[in-house]
Amino acid sequence: MELLDTVKLMESDDYKKRFKAEYWQLKIRYKKLKIMCKKWDNGELDFEPTCNRKIYNEQMRNMYGYMKILEHRAEIEGIEL
């Protein structure tokens, strides 16, 4: 799934579909950031990041925590991700 695939879900009147879109958008962005950081660690980036690595680590930690919250909420609300 790519971000573009979530657009229709985001536009839905059904909150469960919008919830799924929010979750998938976050998960996609988290995975891409994680890949970028791995490339950075391996010296494979084709650009020089402006922020230091600590900032990216903090961002990933918070994104991961938010994903876990959404997963827990989905379980409680009966939303299949």
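Analyst: This is a predicted model.

User: Where do E77 and R73 sit relative to each other in the helix?
Analyst: Both are in helix α3, and because they are four residues apart there, about one helical turn separates them. E77 is partly exposed at 28% relative accessibility, and R73 is partly exposed at 33%.

User: How many salt bridges turn up in the whole structure?
Analyst: The search finds four. Among them is K32 with E2, at 3.4 Å from N to O. That pair links distant parts of the chain, 30 residues apart: K32 is in helix α2 (residues 15-41), while E2 is in the segment before α1 (7-10).

User: And what does D41 pair with?
Analyst: D41 forms a salt bridge with R53, with the closest N and O atoms 2.3 Å apart. This pair also connects distant parts of the chain, from D41 in helix α2 to R53 in helix α3 (residues 53-77), 12 residues apart.

User: Is D41 buried or exposed?
Analyst: D41 counts as exposed, at 52% relative accessibility. R53 is partly exposed at 22%.

User: Switching topic, what is the overall fold made of?
Analyst: Three helices and zero strands. The radius of gyration is 15 Å, whereas a compact globule of 81 residues would be near 12 Å. The C-alpha trace spans about 45 × 25 × 15 Å along its principal axes.

User: How many positive and negative side chains are there?
Analyst: There are 17 positive and 15 negative, and the centres of the two sets lie 2 Å apart.

Definitions and conventions. Residues numbered from 1 in each chain as written. Predicted model: local features only at pLDDT ≥ 70, side-chain atom pairs only at ≥ 80, totals over all residues. Heavy atoms only, no water. Helix = DSSP H or I, 4+ residues; strand = E, 2+ residues; numbered from the N terminus. Rg over C-alpha atoms; globule rule 2.2 N^0.38 Å. Lys, Arg positive; Asp, Glu negative; His and termini not counted. Charge placed at Lys NZ, Arg CZ, Asp CG, Glu CD. Salt bridge = Lys/Arg side-chain N within 4 Å of Asp/Glu carboxyl O. Buried < 20%, exposed > 50% of the residue type's maximum accessible area, 1.4 Å probe, protein only.
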